[in-house]
Amino acid sequence: MRPEHVQARKGLAEMLILSVLEGRDRHGYEIARLIEQRSAGVLEYHTASLYPVLYRLEARGWIRGKWVEKPNERRRRFYALTALGRQILKEQRESWAELATAITRVTEFRNA
Amino acid sequence: MPDWKRYVRDRLPELRTRPEREAEVIEEIAQQLEAAYDSAIKRGATPEEAALAAQREVDDWRRFAGDIEPSLRRPEPAPAIGGASRTPLLDQLAQDLRFAARMLARSPGFALFAAGITAAGIGISTAVFSLAWTVALRPLPYPEPERLVAIDTVNSGIADAEPFTSAPDMADLAKSSRTVESMAGVSPVWNLNVRNNEGGEMLESLFISATLLPILGIQPAAGRVFRTDEDIWGKPVLVVMLGYEYAQRRFGGAVQAVGKPIVIEGRSGNIVGVLPPGFRYVGNKPDASFGTIDLVVPLAVNPLVSSRRSLRFLQVAGRLRPGVTPEQARAELAGLGRNLAQAYPDTNKGFDVSAVPLTERAVGKVRKAMLLLLAAIGVVLLIACANLANALLARMTARGQEMSVRVALGASSSRIFRQIVTESALLAIIGGAAGWGLAHALLRTLITLSPAALPRRNEISLDAAAVVFAIAAAFIAAVAPSIPAAIALLRRDPVSNLRGRGAASNRGASFRKALVIAEVGLGLVLFTAAGLLVRSFIAVLDVNPGYRVHGLATISTQLGAGGNKPPQERVAMLRRIEEQVRRVPGVVNVGAVSRLPLMNMTLSSWLNIEGRPAREDEKRDVEYRRANAGYFPAMGIALREGRIWNDSDAQRQANLALVNETLARKYFPGESPVGKRIRFGEPSAVPNAPWTEIAGVVADIRHFNLDVEPTPEVYVPDYLVPFNAPILVIQTAGDPKPMLRELQAAVRSAGSDISTYKAYSMEQLVSRATAGRRFVMSIVATFAGLALLLVAFGVYGVMAQSVGQRVQEIGVRMAVGASRREIVSMVLRDGGRLALAGALAGLALSLVMARAMKSLLFSIRPIDPASFAIGLAVLLAAATLACLIPAWRAARTDPITALRAD
């Protein structure tokens, strides 16, 4: 990932995590991997950058973390979207889409 | 594979958060690294490369800790977006509840026991509370009840006389008063003859001012209330309102009855409205046979409104003007009363006018008894709480180990505390809900069992106050005891908890002992109270009423509607009735009287004795009754001196009277009243009335109730003024109850316009007269029994625990030669000491309680040695019995296993 992306990433990470959790509950490692997969490797998050965001989202109540124990397996911490989180995700998607359109318009604009 | 947990723990700086949260974070991050390691291996890396890949997940651990710490410490409030709110508290609560439910499910025995006790306690106490609260404390169900007063005319010389007011006095007071906005008069319950298609019946009726229903704010169920122009004295209009139940019965519904014609005492009138269900005037003392009010008629229709000022028969209610206090009204009315006494000294001298809040008139003497019930509830609840607290403490001790392990592993103590309290709260909720349902059923039973004469009986229901009470009771019973238990638990040294013994658990034991002592003391108080009530009740039943109780039937009759049969015809009718009745097999004797005992019927008059005028302030009040000669033998009233009138007296219309022993003692002390002459009424009103000669003295009877001392009474013969509505007393050879129907038929067969109503055996009347006392006694006795059970249980619990803890000590004793018997007596002694301490503690309280109950007792002193002795004996016996099982178990200890156990 290019270093110039770093700052933009922080705000982005929130939305990415939220959207990955939209379909179903996932645990930490799954979240990181999915983001990497879906972005075809462009967006890559290590534990050190993913977890602060994850915990922050949990503290805000946008996601909820729960230890889940399956028989014969070690317990894992799964995260799920809360109702609040769902709403936030919707709003953030809209604002990012708006931003992306705006950026495109500015950068594609050619002086006549 | 490397130990990633250790790796993370070594590198991650200490996080400022709860130890258990930190442990979770470590675990989770370790899983991340492990996952990274695994996936690297899968992609074909070597272990070293994979390890490196995993380590790269977090480069700067210090920075990482700093990044995640803020989120771990406390949840941040979310920036307000779209008005959505977060509820971490609710989530936490839900989690605690789920945890509590799981914990309870793990020990179903305890849960059932605790929830069961809570439900039973709340159910019983809420039901009785509702009853006592409604009868004694709840504000009247009228708008602004604090502005309602009862206006009384009180005879300053006679203590217990009825505070009735005369019609002219009421009119004057209403006109002059500035503080009372509106007044209304209510007559005593009157039996009126109503004729309809099926014949005639007697209805319990009231004569009321047109202002009464508006004052009380009572709306009709159908139709309208009386207008003031229908209640002008001197211009009576026969409009009536029916009782709701009667309208249903006779007309098929309230609405259907409005507008229909009706014949009352031979006169035609109109039904203008129907009262709401269960209507009763709160000031009316119901008599033993009370039903509901079936009819109300404007006061103007009652001929007594134009009677003399000295005829006092009305209860007066008033609504205060806004802003006026009851004290102001009382002062003004007292002044107006003094004015009346000055203006009309003959009739009003010595009479004071006063006002009391209407609620007091409604509740009256029953309040004390209801307060006693509330106290009994309180005692039982406290005892139940103590038991629950003990049970909870025992449970805590058992779970002490589990708690300590959790604390050692990082659970926060505030969290544990919250969970313990939540568990109790869950118990309280379950027990409370079940108890509420129980209260409903119990209350219905209680109402059915309660005496018909209980004031405000028709208002008893589970209302908002009951809800508050139930919630408070659930809280006190289930939640409050858990708080000190939890605190005690958490303050203990975790090590001793793990060991299961130690000084700290002994401290718990002495707290539990204190609880048991308190329980026993409270139980004694309640038991003593019950004992006093029971002894009083037995004493009342023992009273000789002065008349026959068994083998006596009573039937109220009316000779013709409207009461305008000529005297000879009334005499003939009564004779025919008695003939018919005597024909019925099993009848021994028949008599007739104007007013019967135990039916709240009273009429008094002034006594004038020839040659002994009354002093200025002396009021010679006597009960005045008419009877025929057959009344006394039929009733079994003994003749003490002189003779009863006979046929030749009737022929010459001799002016004779019979007085009772009390009158003889009071007004003719040391001499025989026979032959002396008396007159009735105020001296000024009857200056030339004929004198009546006292023919004889009859035995005292209990007229008002078995526990009310007799007052001076006079009987005059019926031949002077033949009965309009004689009450027949019929002595029977066997049980009169099955004969009642036949007897009534016999009475009616003597004439087509003879009506009968209120047929009872004297046993029934006596039973109803004592119903109130019996009711209160039964409830208190039941509570005492409950308390006894609970106390026994509590003692058992504590002794069992104590024995359990002293297993080693007992083993040692047995090993050095103590016999089984000695062990048993040791345990019994310990238990007995506890009980004795409790009894002594409770003794002082019992003395106070007994004194406070004085007015509820009959013929026994409050400090009645028998009741106290019995209470003590029973309680100590129960406590000792409760110790038997633990004692027996202690004696069966095998010393070897005991000594080995730790």
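Me: How many salt bridges are there between chain A and chain B?

Reply: The model is predicted, and in it the count between chain A and chain B is three salt bridges. One of the pairs to inspect is B:Arg21 with A:Glu58, whose side chains meet at 3.4 Å, N to O. This pair qualifies because a salt bridge requires the side-chain nitrogen to lie within 4 Å of the carboxyl oxygen.

Me: How many residue pairs are in polar contact between chain A and chain B?

Reply: There are 15 such residue pairs, counting those with both residues at pLDDT 80 or more. On the chain A side, helix 2 (28–38), helix 3 (47–60), strand 2 (63–68), strand 3 (76–81) and helix 4 (83–108) each supply at least two residues that touch chain B. Helix 3 of chain A gives the most to that side, with nine residues.

Me: What area do chain A and chain B bury between them?

Reply: Buried area is what two parts lose in accessible area on being put together, summed over both. Here the two chains bury about 2500 Å², with 51% of it on carbon and sulfur atoms. Within the area that chain A buries against chain B, A:Tyr29, A:Thr47 and A:Tyr55 supply 27%, more than any other three residues. The contact takes 25 residues from chain A and 29 residues from chain B.

Me: In what order do the elements of chain A run?

Reply: From the N terminus on, they follow the pattern α-β-α-α-β-β-α, with four helices and three strands in chain A. Of the 112 residues in chain A, 45% are buried. Chain A exposes about 6800 Å², and carbon and sulfur atoms supply 52% of that area.

Me: Is B:Leu93 buried or partly exposed?

Reply: The relative accessible area decides the class: buried means under 20% and exposed over 50%, with partly exposed in between. B:Leu93 has a relative accessible area of 45%, so the residue is partly exposed. B:Leu93 is found in helix 5 (residues 88–106) of chain B. Together with B:Leu90 and B:Leu97, B:Leu93 makes a nonpolar surface patch of about 260 Å².

Me: Where is the place of B:Arg321?

Reply: B:Arg321 is in the loop between strand 13 (312–320) and helix 11 (326–343) of chain B. Leaving aside residues up to four places away in sequence, B:Arg321 touches B:Arg147, B:Ser177, B:Arg178, B:Thr179, B:Val180 and B:Glu181.

Notes. Residues numbered from 1 in each chain as written. Chains lettered and ligands numbered in written order. Predicted model: local features only at pLDDT ≥ 70, side-chain atom pairs only at ≥ 80, totals over all residues. Heavy atoms only, no water. Patch = residues over 30% accessible without salt bridge, like charges linked within 9 Å, V, L, I, M, F, W, Y side chains within 5 Å. Areas by Shrake-Rupley, 256 points an atom, 1.4 Å probe, with all protein chains shown as cover. Buried < 20%, exposed > 50% of the residue type's maximum accessible area, 1.4 Å probe, protein only. Contact = heavy atoms within 4.5 Å. Buried area = accessible area lost by both parts, 1.4 Å probe. Polar contact = N/O pair within 3.5 Å; in protein donor to acceptor, adjacent residues only side chain to side chain.
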